Amino acid sequence: MFKGQPKGLYALALANTGERFGYYTMLAIFMLFLQAKFGWDQAVSSQIYSIFLAAVYFMPVVGGWLADRIGYGKCVVVGISVMFLGYLALAVPTGDNFFGIALMMGALLLISVGTGLFKGNLQVLVGNLYDDPKYSSRRDAAFSLFYMAINIGAMFAPSAATAITNKFLSNAGLIYKADIPALAHQYLDGTITAANSAHLSELQSLMTPEVASMPTADFCSYYIENLSSSYNMGFAVACVSLIVSVCIYFACRGWFRHADVNAKQAAASGGTVHVEELSPKQTKERVVALCLVFAVVIFFWMAFHQNGQSLTWFARDYTQSYAEGWTRMGFNIWILALIAVSIYTLFGTFQSDKPLGKIGCGAVTILLWGGAYAIYTGMPARLDIQPQLFQQFNPFFVVFLTPLSIALFSSLAAKKTKAHPNGLEPSAPKKIGIGMFIAALGYLIMISGSLGQASPAELQGTVSPDPVVPTYLMGTYLVLTFAELLLSPMGISFVSKVAPPKYKGLMMGLWFAATAVGNYLSSIPGLLWMNVPLWANWAILMALCVIAGLIMFAMLKKIEAATAS
């Protein structure tokens, strides 16, 4: 798995880990921030959230086009600097007035532009490392490892955001309650019902005596102000993580400097850098094939990127605000971290070449499991949880399942037959098609958890009186992660492998542009949230995944033929 990979992979992966930690810390609480601070409903907040995500993933088109002309490394450095300014602006506490909205929008624009310059071009540098025939056979495994590193940062992000939120709320004499922000805005707007007003008073009584004795209007303003400010402090974490990323990037630049070469720079080198030459026909076929793949993955990202919006609303409004029994393990980041590391040491037990290595890895695995169990036994029998914590399951599952995925596909690749001389491993386009069907199963779980629940319109800003257990969302995130591992790292590897050399940056940018379109379309459940039964949102997403999978398999022969040339 790790053996035989170039050092540059680890440097670039670690640089990306820090940047992604900051991004996902911000994203974990961004939707909650929009609704808590400004009182916007699901339709408005999901539009802003989705437009931001779309911009983040569309800007790599511009970043890739620019990098094909001035160089990948230059764009990466400029991008991380612009992102820093964006997160810094987002961390500034403001009022819910025009200035506050304008500063937030400006910050989102800077983050989008910076990410566009940074994200895709960093991944092109990774792909360039594997243009060397010495490493070419390890390309798919490398992108799986790179993707795993991204998710290490993402895994810790929700817990970091939650810890910061709780700390600042506690300092203000407050505790987090999911329905207070909506009820507080209803009270201040004069739209609250008598029943909701009584419920708000009950929630206020749970605060410290000083806060509990406040007039209701003062309490509402006080809670909204302090909760919003605590989210601002969570956004500030991204600034720190970007500083760590840029330090890693420059400290280890010598490990990947040779990969920082685009087609224009290679031509100027006088032939000292080899670049694959394609005929105009081959170039056109590859571009068309890639665009067909991009069209299909739009639907996956539309379904997948519900984690920050509709799945978080389900966690807040329809899921128990506590965990009991074994599910408590999933809400302690240190237990998840120990379990995630243990899967790698366990693989080391079987894959080490020397007996001493096997014994050492086995001993470390047992210690890690023992540590996780010790933390588990010390947890309270009933653990209070916040909705954003569910977002740590997807990156945890990515980290945990990556070595299993690599082992499975390596085993299939090694099984060569007369009919399949290159092995039984499915092609990247076929993996993408399979991933679409698996994603559909994830939303089948959500449908089963939503049957019999009141619609969001019926709840009127409160939470369900009969919330479901956390395992529904945990299971959904597990299944969606299976789909993601078949689609995202494999897709990025596929683009880096078959993209015509002079369009590498642009093609990687278009991969993210497809993601951008999917991210914008992810607002559809938000627009429908107050207008349809809860289960209908998930049924729409499930149907789209199935249709996209069928389309992918219908185009499979054409895509594989074009990219095999």
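## Ground rules

Helices (H or I, at least four residues) and strands (E, at least two) are taken as DSSP runs and numbered from the N terminus. This is a predicted model, so local features need pLDDT of at least 70 and side-chain atom pairs count only at pLDDT 80 or more, while totals for chains, interfaces and linings use all residues. Residues are numbered from 1 along each chain as its sequence is written, and side-chain values use heavy atoms, with hydrogens and water left out.

## A loop residue with positive phi

Let's start with Gln-460, in the loop between helix H17 (456-459) and helix H18 (471-498). Its phi is near 55 degrees, a positive value in a residue other than glycine. Most residues other than glycine have a negative phi. Gln-460 has 43% relative accessibility, so it counts as partly exposed; that label covers the range between buried (under 20% relative accessible area) and exposed (over 50%), using a 1.4 Å probe and protein chains only.

## The nonpolar core

Next, the inside. A nonpolar core here is a set of buried Ala, Val, Leu, Ile, Met, Phe, Trp, Tyr and Cys residues joined through side-chain atoms within 4.5 Å. The largest one has 161 residues, and Phe-30 and Trp-538 have the most contacts inside it. Helix H1 (residues 7-38) supplies the largest share of this core, 16 residues.

What does Phe-30 touch, not counting residues up to four places away in sequence? The list is Tyr-49, Phe-52, Met-104, Leu-108 and Phe-235, where contact means heavy atoms within 4.5 Å.

## Buried spots in the helices

Helix H12 (residues 310-317) is mostly covered, with eight of its eight residues buried. Among them are Trp-313 and Phe-314, but also Arg-316 and Asp-317.

Asn-537 sits in helix H21 (residues 534-563) and counts as buried at 1% relative accessibility. Setting aside neighbours within four places in sequence, Asn-537 is in contact with Pro-525, Leu-528, Trp-529 and Val-532.

Over in helix H19 (residues 504-521) you'll find Met-508, which is buried, with a relative accessible area of 1%. Leaving out neighbours within four places in sequence, its contacts are Gly-120, Gln-123, Val-124, Ile-492, Val-495 and Ser-496. Met-508 and Gly-357 are 151 residues apart in sequence, and their C-alpha atoms are 39 Å apart in space.

## How H6 meets H9

Helix H6 (residues 180-189) packs with helix H9 (residues 216-251) at an angle of about 135 degrees, and their axes are 9 Å apart. Axes are lines fitted to C-alpha atoms, for helices over the stretch in contact, and angles run from 0 to 180 degrees between N-to-C directions. That makes H6 oblique to H9, the label left over once angles under 35 degrees count as roughly parallel, over 145 as roughly antiparallel and 65 to 115 as roughly perpendicular.

The crossing is left-handed, that is, the near helix is turned anticlockwise from the far one by less than a right angle. On the H6 side the contact includes Ile-180, Pro-181 and Tyr-187, and on the H9 side it includes Phe-219, Tyr-223 and Leu-227.
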